[in-house]
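Let's take a walk through a protein model together. Have a look at the sequence and the fold, and then we will go through them step by step.

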Amino acid sequence: MTALPDMPLSGTQTHTSLWRDEGGTSMRALGYFIGAFAVALILGIGSAWYMIERGSLLTTTRIGPWKSWLSEGNPNADPYTRAHLARSGRLPLTSTAARYFAADTDSSGSHLSASCEYVVSGAALNARWWSIALYDSYGSLIPNPSRRYSFNNEEAVRRSDGSYQIHISRQARPGNWLPSGKDPDRNLTLMLRVYGLRDTDATGIGQVPAESLPTIERLQCE
């Protein structure tokens, strides 16, 4: 029995095959585009959040556990600094008049927690006035029966050389004590405000030597 020769595809069959190939390629291209767009969107939002929340070498300076935004209060501040301040709700003076340092970790890099006890040890500052205040991670003052939220250079017990220690704990401590509240799961933030710094750089920004910034030592945890 003689085999029949292969028959060429009809025009309809050819167009159908081509349509299917083109359709599959288009769907793959669309999938790649959607995937690339999603990755770019996630990276863009993530990097913007990081720049607003954490800052960069161009917008912030970090010394030990303390971080300071260099252009705080400056009307010509960069967009990330302005967004950071808008998010925090603070209205700081310019860095030529005051410097603000925030810490949400201790000197070893562990997050500050109300379940732990800390001692903040600082040296004298070459400034007219300073204060250290304790907040929760949302920037709110921590309710406590003593109504003690901060210490400044006029009320903190200091040594003859101007150095001091401030204890942070849920239980009362002698001397300078900042209550961290009843909730042991609360995360904490310390804010150091320094006004009228006498040492400035060429642009007039107040300078705080690294050795003058307080250390934050964790003593024990529950």
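With which residue does arginine 173 form a salt bridge? The partner is glutamate 117, and the closest N and O atoms of the pair are 2.8 Å apart. A salt bridge here is a side-chain nitrogen of Lys or Arg within 4 Å of a carboxyl oxygen of Asp or Glu. The two residues belong to distant parts of the chain, 56 residues apart: arginine 173 sits in the loop between strand 7 and strand 8, while glutamate 117 is in strand 4.

Before we go on, a word about the model and its numbering. This is a predicted model, in which local features need pLDDT of at least 70 and side-chain atom pairs count only at pLDDT 80 or more, while totals for chains, interfaces and linings use all residues. Residues are numbered from 1 along each chain as its sequence is written, and side-chain values use heavy atoms, with hydrogens and water left out.

How much of each partner can be reached from outside? We call a residue buried under 20% relative accessible area, exposed over 50%, and partly exposed in between (1.4 Å probe, protein chains only). Arginine 173 has 28% relative accessibility, so it counts as partly exposed. Glutamate 117 has 8%, so it counts as buried.

By the same rule, the count comes to three salt bridges. Another of them joins glutamate 222 to arginine 170, with the closest N and O atoms 2.7 Å apart. Glutamate 222 lies in the segment after strand 10 and arginine 170 in the loop between strand 7 and strand 8, so this pair ties together parts that are 52 residues apart in sequence. Glutamate 222 is exposed at 64% relative accessibility, whereas arginine 170 is partly exposed at 25%. There is also a salt bridge between the side chains of glutamate 155 and arginine 148, at 3.1 Å from N to O. Glutamate 155 is partly exposed, with a relative accessible area of 37%, and arginine 148 is partly exposed too, at 26%.

Now for the strands. They are DSSP runs (E, at least two residues; helices are H or I, at least four), numbered from the N terminus. Two strands pair if DSSP finds at least two bridges between them. Strands of a sheet pair through backbone hydrogen bonds, either parallel or antiparallel.

Which strands form the open sheet, and in what order? Four strands take part, in the order 8-7-4-10, and their pairing is mixed. Strand 8 (177–179) and strand 10 (215–221) stand at the edges with a single partner strand each, so one side of each has no neighbour in the sheet. Inside this sheet, strand 4 (residues 116–122) and strand 7 (residues 164–169) pair in the antiparallel sense over five bridges. Across that pairing, serine 121 faces glutamine 165 in strand 7.

Next, follow strand 5 (residues 127–136). Eight of its 10 residues are buried, so strand 5 is largely enclosed by the rest of the structure. It runs antiparallel to strand 9 (residues 188–197), and nine bridges join the two. Along this pairing, tryptophan 129 stands opposite tyrosine 195, and alanine 133 stands opposite methionine 191. Strand 5 is also joined to strand 6 (residues 150–152), antiparallel again, by three bridges. There, isoleucine 132 has phenylalanine 151 as its bridge partner.

Strand 9 has a further link: six bridges join it to strand 3, and these two run antiparallel. Phenylalanine 101 stands opposite leucine 192 in strand 9. Nine of the 10 residues of strand 9 are buried, so this strand is largely enclosed by the rest of the structure.

Finally, look at the inside. A nonpolar core is a set of buried Ala, Val, Leu, Ile, Met, Phe, Trp, Tyr and Cys residues joined through side-chain atoms within 4.5 Å. The largest one has 28 residues, of which Trp66, Ile132, Ile168, Leu190 and Ile216 touch the most other members. Two or more residues come from each of strand 3 (98–103), strand 4, strand 5, strand 7 and strand 9. Strand 9 gives the largest share, five residues. Apart from this core lies another, of five residues, including Tyr100, Ala133, Tyr135 and Met191.
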